[in-house]
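Okay, thanks for coming, everyone. Let me put the structure up and then we'll walk through it piece by piece.

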Amino acid sequence: MAGTPTKSVYDIFQNMDYGPAATPSFATAQAWLEHHSRALGIFLDGKFVLPDGKSTRVLLDTKGAEVCSNMCATSDDIIQCVSSSVAGSNVWAGLSCSQRAKVLLRMAGVLGQHGQCVSELSELSGASCSVGVLVRLCQFYGSWAQLRDALITNWTPLGVVLVAVSDDCGLYSLMLKVLPALAMGNSVIIVPGLCTAPSSLLLAQLFMGAGLPVGAVNVLTGSDITLAVKVAENPAVSYVTCCGNKQDGVELCKATAGSGVPVTLTPNIGTTCPIIIFESADLHSAVDAVVEVAFKKKKEVHWVLCVQESVLSSVVERLHLRLSGLKCVSLSGDAERLLVDATVQQAQQQGATLIQSCAAPSSGALYPPTVLCGAAPSSPYVVTPSTGPLLPLMTFRSNTEAVTLGNHSPHGQAASIWTEDLTLALETAKNLSVGSVWVNSYSVSDPCFPVTGHKESGTCTDGGQEGLFQYLRPSSSSPLHRSSPSAVDYAKFGTEPSAAVVPDVTASAPKSYLQFVGGKAGKSVSGCTVPVPAPGGVSGTLAYCPDGGQKDVRNAVEAATKVQPGWMKKSPSSRAQALLSLARGLEANRTAVASAISTQTGLSAGHADLEVEFSVARLSEWAAYCDKIQGSSLPVPQSGCGLSIPEALGVIGVVLPDQNPLLAMVTVLGAAVATGNAVVMVPSESCPLPVLAFIQVLQSADLPAGLVNVVTGRRDPLTRALASHSVIRAVWYWGTAEGCQFLRHSCPLKTLLLCCHGDQDWQDASVLQHMWRNAVQWKSIWIPTA
């Protein structure tokens with residue numbers, strides 16, 4: 001080309017510059033937008049709807065030019081949309097598995113036919129997604145639609161599912177939730193973000209062309225996440241799932257607290273992910289990958305580079321070489337430029353040195369790719385990284401230090417490991433608390449792998465067979481109970497002082513029980529007690545138990561935290577033997593425990609003995625579960641292999657129900673312990689005696705001290721203590737509607753299992769599968785071979 005300087009092969013290899021990028025063409029997408037006059041409405045009842053006089057929201061491209069305007073749905077639109085989705089759900093769920101599969105597989109063909117328009121529109125809108133990836137999603141979930149009744153027996157679809165995403169979320173993340181919901185027979189209401197709105201509307205149109213029934217997919221666009229809140233408040237919505245940034249997800253959870261609808265989050269935007277380079281890595285490939293993933297124009301996550309000290313100089317040298325000549329990256333505006341400048345200045349003040357592709361312009365919304373060498377783990381720009389092309393670099397000496405740095409972030413979405421030592425890679429991957437680990441690769445995904453965001457990166461599992469169950473309920477269970485929020489004062493919930501207890505030292509005084517913390521029976525920290533009421537509303541006091549509080553929960557969590565990592569690493573057979581020892585101990589104490597059940601509940605001796613018998617069998621069932629349900633090796637898109645592994649959540653807080661106090665307790669205890677978790681249990685405030693009698697069994701069982709803790713007292717204060725403890729990863733709660741509402745509002749990023757209706761059938765076999773799935777989180781490990 002005239003005017004273009006000619007470079008020799010030597011120059012190209014020395015500079016390692018990319019070739020000139022082809023100018024993108026959006027002709028097909030522009031034609032589709034022009035066909036809609038660049039004014040997009042909502043997608044309702046199988047067609048586009050754009051009434052006059054509606055407020056709109058404008059979408060701009062990267063250059064500030066207007067792409068289109070999106071209509072903001074109103075309350076009337078929401079009512080019509082939900083009504084359409086209910087009708088669509090009835091039709092869609094009434095089809096056979098084969099008929100639903102044909103529609104989704106036909107959608108894969110439609111995407112292939114109109115892939116150019118989908119690809120161009122998603123890129124133009126800032127939600128770029130490969131059409132091949134969308135086709136793969138349709139094929140995968142089309143096959144699961146075919147096999148649902150054969151491989152997932154005795155489960156039924158939920159009904160109407162709401163899928164909401166934030167403005168900065170990608171199209172792939174959205175469709176990873178829409179397609180499995182459809183495959184299981186649900187109808188879906190999509191509330192897209194600003195960037196995904198045009199692509200969502202186009203895909204909804206293509207779904208109709210593939211034969212999806214009218215109403216099975218509806219799209220509502222709006223100004224922000226408050227639209228999703230208004231849709232979720234409709235009693236016909238059975239399930240809500242949200243992905244994108246954390247702020248929108250938390251707002252959605254808090255706004256829907258008390259409505260009775262389950263809400264799960266996948267906050268995959270803005271999280272911090274480590275890249276770990278060991279001395280045994282192919283440094284050239286590792287550095288190329290770092291530059292490629294860390295300095296993209298649009299990053300969904302923030303990367304932190306961790307390099308082993310022995311190869312730091314080599315990595316820095318290669319970074320200098322690869323960064324030289326790279327162009328400045330466009331920022332969103334002057335405000336982001338000020339934030340980036342402040343972060344770099346702060347890093348230099350703390351001793352960091354810079355590796356930059358070129359000198360930073362004095363002003364303007366451009367900044368060169370920059371590596372901040374010598375970062376400390378506690379630095380603000382490492383804990384909460386800034387936007388822009390900045391990459392903190394930290395060093396480590398051993399594998400243990402690498403894992404510590406990798407787990408330093410409150411997020412747990414993904415990590416990339418670079419080493420040629422497979423043993424080291426697998427050991428590191430196992431110890432990292434993240435949902436996806438890529439070995440000598442990065443940002444690889446496939447729907448066949450179940451992935452759960454760890455820590456603050458998610459409360460549900462997406463992908464694989466396990467990711468389908470969030471859109472199903474056991475066929476034996478009743479449909480969702482919706483409710484209206486109560487007037488709960490979140491600041492005062494659980495802070496009421498306990499009633500005074502008059503001392504009774506007579507010979508006929510009720511017995512005083514002890515709680516069980518750290519392997520020892522003892523009183524509460526406060527030394528106070530609460531009376532245990534007689535059954536059936538009869539006046540009188542059966543016994544006294546310790547009035548536990550926040551300090552007791554703190555002590556129990558501290559004991560559980562010490563023992564849980566070691567318990568998680570024990571073999572499944574070892575955990576099974578420990579549960580069998582619990583079953584034998586309960587059988588040996590059968591008479592005493594049955595007597596406690598009869599005294600507490602008023603049941604006859606025969607019925608109480610039958611509950612003990614069921615409980616012994618339940619512990620034996622959990623022992624059998626330990627080594628029967630494990631992960632697997634799954635095919636990957638490229639050459640190599642992938643591992644899917646269920647892992648323990650950590651420490652689980654449990655507030656036990658009033659009905660079936662013993663059977664319920666051993667069911668949740670068995671689920672937690674069998675999967676490698678530690679547990680802090682709060683017995684029913686009105687029926688604690690069977691659990692307190694079980695403490696004698698715990699004392700003689702072959703369980704590590706601190707693995708199982710029992711803190712007694714008033715339900716609300718202990719619920720508040722469990723919710724506020726940062727180490728507790730999940731809370732399982734059976735109690736009042738106010739308690740459920742408080743938990744949903746106060747800890748949206750914990751995994752919550754909430755029930756306030758008391759209709760749980762603890763003898764149902766499906767309870768075991770349901771509890772097991774709530775007790776684990778999934779990790780995928782990608783190991784390429786070429």
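So, which handedness does the crossing of H11 and H12 have? The crossing of H11 and H12 is right-handed, where right-handed means that the near helix is turned clockwise from the far one by less than a right angle, and left-handed means anticlockwise.

Before I go on, the ground rules. This is a predicted model, where local features need pLDDT of at least 70, side-chain atom pairs count only at pLDDT 80 or more, and totals for chains, interfaces and linings use all residues. Residues are numbered from 1 along each chain as its sequence is written, and side-chain values use heavy atoms, with hydrogens and water left out. When I say helix or strand, I mean DSSP runs numbered from the N terminus: H or I of at least four residues for helices, E of at least two for strands.

Back to that helix pair. Two packed helices are described by the angle between their axes and the distance between the axes. Here H11 is residues 283-294 and H12 is residues 312-323; they pack at about 50°, axes 10 Å apart. Axes are lines fitted to C-alpha atoms, for helices over the stretch in contact, and angles run from 0 to 180 degrees between N-to-C directions. H11 and H12 are therefore oblique to each other; under 35 degrees would count as roughly parallel, over 145 as roughly antiparallel, 65 to 115 as roughly perpendicular, and the rest is oblique. On the H11 side, the contact (heavy atoms within 4.5 Å) includes Leu283, Val287 and Val291, and on H12 it includes Val315, Leu319 and Leu323.

Next, the sheets. There's an open one of ten strands, mixed pairing, in the order S15-S17-S18-S13-S12-S20-S21-S38-S32-S31. Strands pair if DSSP finds at least two bridges between them. S15 (353-356) and S31 (632-634) are the edges with a single partner each, so one side of each has no neighbour in the sheet. Neighbouring strands are turned by 25° against each other on average, direction ignored. Inside it, S32 (640-648) and S38 (776-784) run antiparallel, joined by nine bridges, and serine 644 has serine 780 in S38 as its bridge partner. Helix H16 (422-431) packs on this sheet, touching S20, S21, S32 and S38, and its direction makes about 155° with that of S38.

Now S33, residues 651-655. Is this strand buried or exposed? Five of its five residues are buried, so S33 is largely enclosed by the rest of the structure. Buried is under 20% relative accessible area, exposed is over 50%, partly exposed is in between, using a 1.4 Å probe and protein chains only. Val651, Gly653 and Val655 point one way, Ile652 and Val654 the other. S33 runs parallel to S34 (678-682) over five bridges, and valine 654 sits opposite methionine 681.

Most residues other than glycine have a negative phi. Arginine 38 has a positive one, near 55°, in the loop between H2 and S1. Serine 443 also has phi near 55°, and serine 443 lies between S21 and S22.
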